[in-house]
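Q: I'm new to this one. Can you walk me through it?

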Amino acid sequence: MKEVILVLIAFAITFSQDGSIQKIAELKKEVIVRWDERSVPYIEAQNESDLYFVQGYVTASDRLWQMDLMRRVASGRTAEIFGQSALEQDKYWRKFGFAAIAEKSLEFMDEKLRLALENYAKGVNAYIKSLNDETLPVEFKVLKYKPEEWKPADSILIGKILAEALSTTWRQDLLYAKLKASLSEEKFAEIANVVTPYDVILFGKDSELIAESGASIVPSERILKISDKELELRRKSLEMIGLYAEGLAASNNWVVSGKRTLDGKPILANDPHLPPTAPGIWYMIHLSLPDQKVAGVTFPGVPGVVLGHNDFIAWGATNVGPDVQDLYVENFNEEGKYQTPNGWQAPVVRREEIRYRISPFSDEVKSDVYEFLETRNGVIILEEDGKKYALKWTAREPSNQEFEAFYYLNRARSWEEFKAALKRYGGPMQNFVYADAKGNIGWYAAGRVPIRRKGDGRLPYKGSESDGDWIGYIPFEELPNLYNPVEGFIVTANQRIVGTSYKYRQIVREIAPPWRARRIYELLKANTKLTMNDVRDIQYDVFNIPLSNLARRIISLSAASEETLNLLRGWDGKMKADSKAAALVNEISNCLASKIAEENKPLTSYIVQLRLLPKVVEEESKLWLPKKFTSYQEFLKACDLEARKKLDEKFGRDNWVWGKVFVANFSHPFAAVKDPFGISKQFEVKFENVDGSSQTPNVGSFVSMRFITMPGNWDKTRLVIPLGQSGDPRSPFWKDQFDAWRTGVPITFPFTKEAVLKTTKRLAKFQPD
């Protein structure tokens, strides 16, 4: 281990010297790369093959180990570097068979994107070949292994891991079925109701709810516990790479017509919300060809730009949360065959060899072979006493392409071309907002959402019947969309975007509460002369609607100690890092939710917070009042005492503020390694001065990127990521963007050639050899 420590001490950061020339045989013509003061690369090439080659090379020079880890997670190969402790996590991912699916996806892929992936991979590999024992990224040195060749399928694997993070809902099917069987009809109806007075509906209207349909399958307590263990493995894996969020990941975006801005031009804003990690999940990039420029962010390992703008249009995205996963209870006989509508069939047996180290720093490697069963409905993911649950999922269909749409979005010049690009999109369904240099704005909810023969996938199906068969996807033309709406602006924040009258209810299965969307909507509606700074202020808004309402309710009922009442009377409802009231009201809310959930198992406190609590407290619902209390005043007072006690015990008597509760912890994946030598600590970044919460437009450290642009005035574009471009903790670009990201101090992202030249701090030329 001494040699590992010496490696870290001796490790020196190397940068390309200004004006350096690198000779590379694979290039056709010279490529110029300029870096600005944040080390954002601006790549100027004469053809696509060279452009993506150098993008792969440059990205790998900043984020190679992050790229390697993401492909290892998705393909179930982390135990090869982290040791036997990661074996169960690898088994979880191997069930999905993503490595083979990614390879198969290449057969269905658009030829232009396939070539882009190939050239990007060649660039990554050219960088890998340029490394030696001294210049190898530090993580590889510490874990004593070298990067393997990057393949086009590895980029597809990153799409699959995003699909897993943004569309996993199968556990909710089990829980929903259990709640339906366990709760009273009245209570279940309130849980199932998605309509609130705060909703921001974009498409359709609310009408009478239709009863849920599905098989009468009631999962056992044991299968719920087994599923919890599976999801714990999922959590550990996704946390390593900054893609885990309880529920599904959240985000904000909106677009405003020039009719409502001071400059008369539209403004588009987007801030995706993903867990904090170091380095972050986004990589800033500017790509230029003789007839095309595009800038924004992408995922390390993915060519092109995922969110951003070109000369003509800008776009952003938030998660929709449809149901694209179904569970099927398969009936197996003693011969190992399973029952179908057409008789008994033999399952497909898939064997996977998983290699693992004895420990993270050991050179000794072992391997075990595991078998996974596949039925006509999907892979078996849960088993209990002979009962097997199969999972069907859009992400396991090789023809569903996560990145093909982005290749064409990079080149789109109009609303029609924007829609044509989105028609190709097969990843987790997104709310794509749009603005163009001609002044148009729009929104399209795009993605593949299955149509079932019967029902909408909310409940598990019987695998032996055909009710749960997928008979197609929602036609693209029938997906919700808006173009130049009369209101002059469009807001999405993972809320319920369609009314209950919309034909396909499964499109908004796992929605976020309406608080962020409602707050953004009201702030935009109140201002008809919006500026870039106004939009920035909305991104940083920390007013919490439900907790502010709860505080007022506590005051009106005198349902707390006099000390608490005085604190709440002076609170402005904002989740500021130095606020004592924010910390206390949040803890009172947690207490209320946990006590309601405790009396209504298997209901979780998360669902109580999500669907019930504000309405329950406001109406003083006797239906949900825990039996030990005679009134909500008594209930609230008890939670006030309990909340204060809990905060005092954790932080010291009266020594708590919101920033200590809502800590911004940007952990490096090394945190997953049991490290007795403390090496991983140098990779961690923690702050207690970050404002925000999950129920405010500003969600604090979960804001993975902030983007504001004004089409037609592209050099005013603002884009910032939480830490920095580099994945090396000793680089000056490891966390140089943090202060600007936290405070909102504008940093522009230049686009035109003239503006780029003015901001250039370093330059390198890549030339054919």
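This is a predicted model: local features need pLDDT of at least 70, side-chain atom pairs count only at pLDDT 80 or more; totals for chains, interfaces and linings use all residues.

Q: How many aromatic pairs does the structure hold?
A: It holds 40 aromatic pairs. One of them is Trp65 with Phe82, edge-to-face, at 6.4 Å centre to centre and 75 degrees between the planes.

Q: What does that pair tie together?
A: Trp65 lies in helix H2 (residues 48-75) and Phe82 in helix H3 (residues 79-82), so the pair ties together parts that are 17 residues apart in sequence. Helices (H or I, at least four residues) and strands (E, at least two) are DSSP runs, numbered from the N terminus.

Q: Trp65 and Phe82: buried or exposed?
A: Both Trp65 and Phe82 are buried. Buried means under 20% relative accessible area, exposed over 50%, partly exposed in between (1.4 Å probe, protein chains only).

Q: Now helix H13. Which of its residues are buried?
A: In H13 (residues 415-422), they are Trp415, Phe418, Ala421 and Leu422. They cover an arc of only 120 degrees around the axis, which puts them on the same side of H13. The arc is that of the directions from the helix axis to the C-beta atoms.

Q: What do the buried residues of H13 pack against?
A: Strand E9 (313-319), helix H12 (404-409) and strands E17 (430-436), E18 (441-446) and E22 (481-483). Contact means heavy atoms within 4.5 Å.

Q: Switching topic. Which ring does the charged end of Arg411 sit over?
A: The ring of Tyr407, 3.7 Å from its centre. Arg706 lies over the face of Tyr540, at 3.9 Å from the ring centre. The rule is NZ of Lys or CZ of Arg within 6 Å of the ring centre and within 35 degrees of the ring normal.

Q: And strand E7? How many of its residues are buried?
A: Seven of its seven residues, 292-298. E7 pairs with strand E6 (residues 283-289) in the antiparallel sense over seven bridges. Two strands pair if DSSP finds at least two bridges between them. A hairpin of two residues joins E6 to E7.

Q: What is the bridge partner of His286 in E7?
A: Ala295. E7 also runs antiparallel to strand E8 (residues 307-310), with four bridges. There, Val297 has Leu307 as its bridge partner.

Q: Last stop: where is Asp456 found?
A: In the loop between strand E19 (450-452) and strand E20 (461-462). At 3% relative accessibility, Asp456 counts as buried.

Q: Which side chain does Asp456 make a polar contact with?
A: That of Arg509, at 3.0 Å. A polar atom of the Asp456 side chain also lies 3.2 Å from the backbone nitrogen of Arg458. A polar contact is a pair of N or O atoms within 3.5 Å; within protein, one must be able to donate a hydrogen and the other to accept it, and residues adjacent in sequence count only if both atoms are side-chain atoms.

Definitions and conventions: Residues are numbered from 1 along each chain as its sequence is written. Side-chain values use heavy atoms; hydrogens and water are left out. Rings of Phe, Tyr and Trp (its six-membered ring) pair if their centres lie within 6.5 Å; planes under 30 degrees apart count as stacked, over 60 as edge-to-face and the rest as tilted.
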